[in-house]
Amino acid sequence: MSNPILIDPLAFARDGASLQNERPVAALAERVHELLASDAGVVKFAVEGFQDRLLRPSLRYCLSVTLSVECQRCLTPMPFELEAEGVITLFSREDKLEAAVEADDELDAILAEETFDVIALIEDEIIMGLPLSLMHDDCDTEELKRAKADKPNPFAVLAALKQSKS
């Protein structure tokens, strides 16, 4: 488990507080490491409290990191730049949360608890920001070239049949 950064989300939003920090990828939770080729890199993030246009307490966050992920074609590490940002609206009552989400399907909202782990939010955003299957634009490995060269073109057989009938 990573070292949490805990805030009181309602007070943080009400006071218009802000937090800027960075954390080595190696210091994040194992659930993030499982998806990466290595734990190299540093994630930079910021969280800012504010009230939205309806005067609801909210948190605005952004993060930036270059991760080392595995190419799904050639299985070698490759860099992946991830930038994410968003707003989370906080509610102290579940009925108000449900009504707001029903009225605005794009609203990202949670039921505010006494403490909120900023690092868990950053880890969640990294996990959700990774594509399912990352690949180099052009994998230049000898193994891949050999595999392609050894494989016969399936249409060559059809071409040969077509030529023999003519």
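## Sheet, cores and confidence in a predicted model

Strands β4 and β5 run antiparallel and are joined by 13 bridges. Within this pairing, Ser58 stands opposite Thr89 of β5. The hairpin that β4 and β5 form has 6 residues between the strands, and Leu75 in this hairpin takes a positive phi near 65 degrees. The structure is a predicted model; the mean pLDDT of the protein chain is 90, with 90% of its residues at 70 or more. Confidence within the chain is highest in β3, at 98, and lowest in helix α5 (residues 142–150), at a mean of 62.

### The sheet

The β4–β5 pairing belongs to an open sheet of 5 strands, ordered β2-β3-β4-β5-β6 and mixed in its pairing. At the edges are β2 (18–24) and β6 (109–111), each of which pairs on one side only. On average, neighbouring strands of this sheet are turned by 25 degrees against each other, direction ignored.

| Strand pair | Direction | Bridges | Residues facing each other |
|---|---|---|---|
| β3 and β4 | antiparallel | 8 bridges | Glu48 and Arg60 |
| β4 and β5 | antiparallel | 13 bridges | Ser58 and Thr89 |
| β5 and β6 | parallel | 3 bridges | Thr89 and Ala109 |

Strand β3 covers residues 42–51 and β4 covers residues 57–70.

### Nonpolar cores

The largest nonpolar core has 36 residues, of which Phe45, Leu59, Leu63, Leu67, Val69, Val118 and Ile126 touch the most other members. Two or more residues of this core come from each of α1 (9–14), β3, β4, β5 and α4 (118–129). A second, separate core of 5 residues includes Phe91, Ala100, Leu107 and Ala109.

Leaving aside residues up to four places away, Val118 touches Ile5, Ile7, Leu19, Phe45 and Val47.

### Ala13 in helix α1

Ala13 is found in helix α1. Is this residue, Ala13, buried or exposed? Its relative accessible area is 2%, and Ala13 is therefore buried, the limit being under 20%. With residues up to four places away in sequence not counted, Ala13 touches Gly49, Phe50, Pro57, Ser58, Leu59 and Leu90. Ala13 and Val47 lie 34 residues apart in sequence, while their C-alpha atoms are 9.9 Å apart in space.

### Cysteines

How many disulfides does the model contain? The count comes to 0 disulfides, as a disulfide requires a pair of cysteine sulfur atoms within 2.5 Å. Cys62 and Cys71 fall into separate accessibility classes. Cys71 is buried because its relative accessible area is 0%, whereas Cys62 counts as partly exposed because its relative accessibility is 34%.

Key:
Residues numbered from 1 in each chain as written. Predicted model: local features only at pLDDT ≥ 70, side-chain atom pairs only at ≥ 80, totals over all residues. Heavy atoms only, no water. Buried < 20%, exposed > 50% of the residue type's maximum accessible area, 1.4 Å probe, protein only. Pairing = 2+ DSSP bridges. Helix = DSSP H or I, 4+ residues; strand = E, 2+ residues; numbered from the N terminus. Axes fitted to C-alpha atoms, helices over the stretch in contact; angles between N-to-C directions. Core = buried A, V, L, I, M, F, W, Y, C linked by side-chain atoms within 4.5 Å. Contact = heavy atoms within 4.5 Å. pLDDT = per-residue confidence, 0-100.
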